[in-house]
Amino acid sequence: MLDSLKITRRQSEIRQELSALAGKEKPSEDETRSMESLDAEYRTNEIRFRAALVAEDSERKEAGAEIETRSEKEWSEMANRFEVRQVALALDEGRKLDGATAEMVEELRSQGGFQGIPVPLEALETRAGETLAGGVPDPVRTMPTIDRLFAGSAALDMGCRMINVGTGIMEYPVATGGAQPGWAGSETGDVPGPQAYTTVDRPMRPDHTLGVQMKITRNALKQAGAGLELAVRRDMSAAIQQEVGRSIFLGSGAGGEPLGVITGAATYGINVTAVDAAASYAAFRAAAVRFMTANAASGLSAINLMLRPEVFDGMDENLLTGTAISEWDRLVAKIGKVVLSTNGIAAPAGAPLESTALLTTETNGVPPIFCGMWGAVDVIRDPYSDAKSGQLRLTALTTMDVTVSRAAQLEILTGIQ
């Protein structure tokens, strides 16, 4: 109990005793001494009460700060104890969920409807400290919030921000016009007239659903035990990572796919520059200069560049005359981050072979690309399609969309030979 509350109750008791004693016309000596003692205690308690309030005020502030972050910490701790194995057994045998797994499933169901058993995205991470087969490197546990799915993906390296959307449509208004400075032409002249403040909306809609299907044999369910959790999580994580990373850049915008950054350059208003020459440091330096002159980047260190490995091969063997320095050495020494990807950029084509490159930058804390993901992964059980062999078919569904913030923060180079 708080000290202030204890003191308040004692003060109430003292007032009752004093009230009873004060009503006597001729109190005895003991009663008089009791009144003096109670009066002194009452005055002392007033001072103690004020001191207790001051002390408890700071404690309340500290407790409030802890409560604000407690829910996120508790969710992360529960996700570490979530067992995908329980989900598989519940779908196959109807086994009851328990522990942290049951708590998280109930919480997710209260936030939105799911046809099957909802699985939090954090549960698909490969966790540090797990026992794996020999010859496989130990996994690194990714951090939660924006990078929680795949910290090593090309999308995150290129500045894409992962956003978890609850329900509905999320929009990012981007300013396109506003205040324009100007000077008065004379002592009594007016400054230039007001300019309209205009914006363009960058919406993300839950219109694109990614599905991952897998089969679990009866033999695997009976023999794998706890090891099945690792296998299921690795397979689902790899499949989702590969397709999400590809669709962010190369999504066609048709057939259920979101519109990727490179494919939808014209729609997003991204500048596309044709190099039509061999890959060189000069070509990428010119693109970086365009970034800086457009006030999108403050320096070369703020620029991210994504290339195909084939481009690296050509640049690294192209040495400057009379030196052992290649075009690739010059590039990585100046550009902030160079990312090699076979999933985010289409394979070289044509004669001669030509590839594409993407440059991005984060400006004033605003990322160039947003990827919204709605809710958790919805795991649906299908025991009928493969019932003859006793197999269980699982489908994992997740909804996502892609958009860009300011087109000036991105640039695409084509025709890189």
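R109 is partly exposed, with a relative accessible area of 38%. The class runs between two limits: buried means under 20% relative accessible area and exposed means over 50%, with a 1.4 Å probe and protein chains only. R109 forms a salt bridge with E106, and the closest N and O atoms are 3.9 Å apart. A salt bridge here is a side-chain nitrogen of Lys or Arg within 4 Å of a carboxyl oxygen of Asp or Glu. R109 and E106 are separated by about one helical turn, because they sit three residues apart in helix α4 (residues 99-111).

The model is predicted: local features need pLDDT of at least 70, side-chain atom pairs count only at pLDDT 80 or more, and totals for chains, interfaces and linings use all residues. Residues are numbered from 1 along each chain as its sequence is written, and side-chain values use heavy atoms, leaving out hydrogens and water.

By the rule above, the count of salt bridges comes to 12. One of them joins E243 and R246, with the closest N and O atoms 2.6 Å apart. Both residues lie in helix α7 (residues 227-250), three residues apart, about one turn of the helix. E243 is partly exposed, at 25% relative accessibility. Helix α1 (residues 3-22) holds E13 and R10, again three residues apart, about one turn. Their side chains meet in a salt bridge at 3.2 Å, N to O. E13 is partly exposed at a relative accessible area of 42%. R10 is partly exposed too, at 26%. R10, E13 and E41 are linked in a network of salt bridges.

Now the chain as a whole. Its secondary structure comes to 11 helices and 12 strands. These are DSSP runs numbered from the N terminus: helices are H or I with at least four residues, strands are E with at least two. Of the 417 residues, 38% are buried. The accessible surface comes to about 22900 Å², and 52% of this belongs to carbon and sulfur atoms. Such areas come from the Shrake-Rupley method with a 1.4 Å probe; for residues, only the protein chains shown count as cover. Contact means heavy atoms within 4.5 Å. Among contacts between residues at least 6 apart in sequence, 72% join residues at least 24 apart.

Helix α3 (residues 84-93) is mostly covered, with eight of its 10 residues buried. Among them are V84, Q86 and D92. After α3 comes G94, whose phi is positive, near 75°.

T398 is found in strand β11 (residues 392-404). T398 is buried, with a relative accessible area of 3%. Leaving aside residues up to four places away in sequence, T398 touches H208, T209, L210 and M373.

Two backbone spots deserve a look. D276, in strand β6 (residues 271-277), has a positive phi of about 50° although it is not a glycine. The peptide bond from A351 to P352 is cis, with omega near 0°. P352 is in the loop between β8 (337-340) and β9 (355-361). Most residues other than glycine have a negative phi, and most peptide bonds are trans.

Last, the surface. D313, D316, E317 and D329 form a negative surface patch. Patches are made of residues with over 30% relative accessible area and no salt bridge; like charges are joined within 9 Å, nonpolar side chains (Val, Leu, Ile, Met, Phe, Trp, Tyr) within 5 Å. Asp and Glu count as negative, Lys and Arg as positive; His and the chain ends are not counted. A charge is placed at NZ of Lys, CZ of Arg, CG of Asp or CD of Glu. D313 lies in helix α10 (residues 309-316) and is partly exposed at 49% relative accessibility.
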